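Student: Hi! Could we look at this structure together? I'd like to understand how the chain packs.

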Amino acid sequence: MTDTNAGVSELHWLMDMLQTVDVGLVVVNADYRIQLWNGFMENHSGLTPRQVRDSYLFDLFPEIDEDWLRRKCDPVLLLKNRAFTIWEQRPYIFRFKNYRPITGNADYMYQNSTIFPITDTRGNVSHLCFIIYDVTDAAVSKLELQSMNGQLRQLSTTDYLTQMRNRGTWEESLRQEFNRLQRYSQHQSSLIMCDIDHFKRINDTYGHAAGDLVIKSVAEIIRKSLRSTDIAGRYGGEEFAILLLDTTEDQAGYLAERIRRKISETEVVYNNQPIKFTMSFGLAERTPGIQDYVQWMEAADKALYTSKAQGRNLVTRYTTEL
């Protein structure tokens with residue numbers, strides 16, 4: 001075989017490899033006009049090498065953020081350094097549809113890429129080569145894992161029935177707020193403990209499903225009554241706790257009374273049976289005499305007990321005489 005034939009053969013298999021390799025290969029000149037476009041890019045874009053030849057990259061693919069990509073490429077052109085992009089920072093350079101059956105729920109192909117310089121015989125950078133890697137499977141798996149972990153964290157901190165904070169999470173918020181108040185004594189916050197009156201009677205009369213419906217109704221009323229800075233939780237069973245940040249005893253009393261009245265006016269219907277119910281409330285403003293967050297809860301709890309003892313469906317404020 002002559003040298004010429006060998007050279008032609010070598011070029012043939014090299015071009016064949018470039019066309020069939022399972023990564024995207026794009027070569028542009030210094031003016032970002034496309035010079036090479038391999039089979040991977042043709043298959044995913046629907047554009048043949050002849051169609052894209054000498055086309056301005058950013059005209060052909062307007063979804064590419066030109067300023068961002070040029071900033072990425074500038075060091076490659078000027079310093080002859082390679083550059084990399086990863087899907088976590090930007091999902092793709094070329095917005096291609098995702099055709100992988102395993103990750104069919106992904107709308108587009110997630111991509112990593114490498115950008116490296118191509119120099120001429122004088123050592124000057126004349127072209128840029130983009131290698132595009134399809135990392136959709138790995139990206140979707142990671143995103144699904146992150147989503148699952150987020151759901152697990154949500155489950156571990158949220159009461160399933162009411163979608164409020166569970167006892168442990170709410171109590172940690174109370175502890176943090178108490179510590180904040182210790183540092184900034186000019187601030188005041190208040191705590192409300194409340195529970196549904198005669199809840200066992202509701203369960204015994206109508207069933208536990210009806211009791212759950214009542215609890216959910218109470219949670220919704222509380223949620224709609226609070227500011228975004230207030231922190232409510234299901235403390236246990238039919239008992240709820242509300243932490244009101246930067247709120248005085250008078251302000252907390254007004255809110256508790258509004259919630260109490262709203263609940264007393266509410267009627268839940270279960271199996272065509274109307275169910276009326278009420279709640280009792282105890283509230284305590286954090287004062288210098290309260291030494292820790294547990295004492296703060298105990299103070300609000302004593303006020304709640306007083307409401308129960310005095311006939312229920314009441315709001316009682318904590319005093320040292322209780």
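Predicted model: local features only at pLDDT ≥ 70, side-chain atom pairs only at ≥ 80, totals over all residues.

Student: Okay. How many helices and strands are in the chain?

Tutor: The chain has 11 helices and 12 strands.

Student: And what percentage of the residues is buried?

Tutor: Buried residues make up 42% of the 322 in the chain.

Student: Which residues have the most contacts inside the largest nonpolar core?

Tutor: They are Ile-196, Val-218, Ile-222, Phe-240 and Phe-277, in a core of 29 residues. Elements that give two or more residues to this core are the strands β6 (190-196), β8 (239-244) and β11 (279-285), along with the helices α8 (199-206), α9 (208-225) and α10 (249-264).

Student: Which one gives the largest share?

Tutor: That's α9, with 7 residues.

Student: Can we zoom in on Phe-277? What does Phe-277 touch?

Tutor: Leaving out residues up to four places away in sequence, Phe-277 touches Ile-196, Ile-202, Val-214, Ser-217, Val-218, Ile-263, Ser-264, Thr-266 and Val-268. Apart from the core we discussed, there is another one of 26 residues, which includes Cys-73, Phe-96, Met-109 and Ile-115.

Student: Back to α9, then. At what angle do α9 and α10 pack?

Tutor: At about 140 degrees, and their axes are 10 Å apart. The crossing of these two helices is right-handed.

Student: Which residues meet there, between α9 and α10?

Tutor: From α9 you have Val-218, Ile-221, Ile-222 and Ser-225, and from α10 Leu-255, Arg-258, Ile-259, Lys-262 and Ile-263. The residues of this contact are 6 nonpolar, 1 polar and 2 charged.

Student: New topic: how do the axes of α7 and α11 cross?

Tutor: Helix α7 (residues 167-183) and helix α11 (residues 293-309) have axes that come within 9 Å and cross at roughly 110 degrees. That makes α7 roughly perpendicular to α11.

Student: Is that crossing left-handed or right-handed?

Tutor: The α7 and α11 crossing is right-handed.

Student: And which residues do the meeting?

Tutor: In α7 they are Trp-170, Glu-171, Leu-174, Arg-175, Glu-177, Phe-178 and Leu-181, which meet Tyr-293, Trp-296 and Met-297 in α11. This contact has 7 nonpolar residues, no polar ones and 3 charged ones.

Student: Great, thanks!

Conventions:
Residues numbered from 1 in each chain as written. Heavy atoms only, no water. Core = buried A, V, L, I, M, F, W, Y, C linked by side-chain atoms within 4.5 Å. Buried < 20%, exposed > 50% of the residue type's maximum accessible area, 1.4 Å probe, protein only. Helix = DSSP H or I, 4+ residues; strand = E, 2+ residues; numbered from the N terminus. Contact = heavy atoms within 4.5 Å. Axes fitted to C-alpha atoms, helices over the stretch in contact; angles between N-to-C directions. Parallel < 35°, antiparallel > 145°, perpendicular 65-115°, else oblique. Left-handed = near helix turned anticlockwise from the far one by under 90°. Nonpolar A, V, L, I, M, F, W, Y, C, P; charged D, E, K, R; others polar.
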